[in-house]
Amino acid sequence: MAESTTARRRFLPRGAGLPDDQWRRRHRGILVLLWLHAAGIPVFAVIRGFGPGHAAFESLFVTAAAAAATFSALPRRIRTLAAAMGLLTSSAVLVHLSGGVIEMHFHFFVMVAVVAMYHDWAPFLLSIVYVLVHHGVAGAIDPRSVYNHPAAIAHPWRWAAVHSFFIAGISVTLLTYWRLNETNLAERGRAERRARREARVVQTLNDIGRTLTTDLDVGNVVQRATDAATELTGAEFGAFFFNVDDGTAGPPGRDVGSGAPRKAFERFPVPRNSPLLASTLSGDAIVRLDDVTQDARYGTTEPQYGNPEGTLPLRSYLAVPV
């Protein structure tokens, strides 16, 4: 059961919606289509022989939906649902005004496809339900307002079932396109993020290079390198421990920290040749752990047996010899 559910989820779109910039572009185009329907429905009604009052009434809900979809102060989801309701109501009104002409039924299917362009499950499912209610429930209650074919009027549910096959076919096509488009958008987003990361790395390396050639203070250079490494790895904090031979009896240990206030590093002890740090201090290897506290080498050195009390907490861990 779990495998079949995963397979369906892999096939079906996630329905997270479009990025805001793409949504705005598509929504503007859909608004144009919706307002054209709001303006055209009264004209079509008059051409079909209805009075001006009736013609204006028929377009009232479509106009209200178009106004709500246009109102920028409303949340994006509300504007999307308003646009979907307006488009599907346009189809229902045109079917009614035309006396159930078959071409107007296909108008429903086209509007469902337009709504699917939002890549949002809420308006898409609303559209499917709207069509089923209109062709099934409304068609059964008052077949002459939906169908103009004698066989359809005599057997409205049978004709609604025929239309459901059209809806099912269109839905499969739309969902497949929708899923492929989501995949393309995700791949494009990953490529853009990767390009931004690479550009940031290059810029950071250039900055460090300039620091190395212009700043003769070792502490400043090490601080800049530590800040850059902490930023590029996405770490919460980083530290650099090093020795400087100043000609005295022994090379004094020094350290710099990044990502946290200086006082947060004051209780860090000088690194010792413990099992966890041995490969780093000897320059043999880089150590990278998802959870350092679960490593067998952690917590074996006295007196702390792990992270000293009062110091910054450790979990994911990366140690690089320099």
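**View 1. Six arginines form a positive surface patch: R14, R190, R193, R194, R196 and R197.** This is a predicted model, in which local features need pLDDT of at least 70, side-chain atom pairs count only at pLDDT 80 or more, and totals for chains, interfaces and linings use all residues. Residues are numbered from 1 along each chain as its sequence is written, and side-chain values use heavy atoms, leaving out hydrogens and water. A patch joins like charges within 9 Å, taking residues with over 30% relative accessible area and no salt bridge; the place of an Arg charge is its CZ atom. Look for R14 in the loop between α1 (2-11) and α2 (20-47); helices here are DSSP runs (H or I) of at least four residues, and strands are runs (E) of at least two. R14 counts as exposed because its relative accessibility is 53%, where exposed means over 50%, buried under 20% and partly exposed in between, with a 1.4 Å probe and protein chains only.

**View 2. A salt bridge joins D20 and R76.** The closest N and O atoms of this pair are 2.6 Å apart. The bridge links distant parts of the chain, with D20 in helix α2 and R76 in helix α5 (residues 76-98), 56 residues apart. Both partners are partly exposed: D20 has a relative accessible area of 45%, and R76 has 26%. A salt bridge here is a side-chain nitrogen of Lys or Arg within 4 Å of a carboxyl oxygen of Asp or Glu, and the structure holds seven of them.

**View 3. R210 and D207 pair up within helix α9 (residues 156-214).** Their closest N and O atoms are 2.2 Å apart in a salt bridge. The two residues sit three places apart, about one turn of the helix. An α-helix has 3.6 residues a turn, so residues three or four places apart point the same way. R210 is partly exposed, at 47% relative accessibility. Together with R224, this pair belongs to a network of salt bridges.

**View 4. Helix α10 covers residues 218-233.** Its 16 residues reach 22 Å from the first C-alpha to the last, close to the 22 Å expected, which is 1.5 Å times one less than the number of residues. Among the residues of α10, G219, V221, V222, T226, A228 and T230 are buried. After α10 comes G234, with a positive phi near 75 degrees.

Terms used: Patches are made of residues with over 30% relative accessible area and no salt bridge: like charges are joined within 9 Å, nonpolar side chains (Val, Leu, Ile, Met, Phe, Trp, Tyr) within 5 Å. Accessible areas come from the Shrake-Rupley method with a 1.4 Å probe; for residues, only the protein chains shown count as cover. Lys and Arg count as positive and Asp and Glu as negative; His and the chain ends are not counted.
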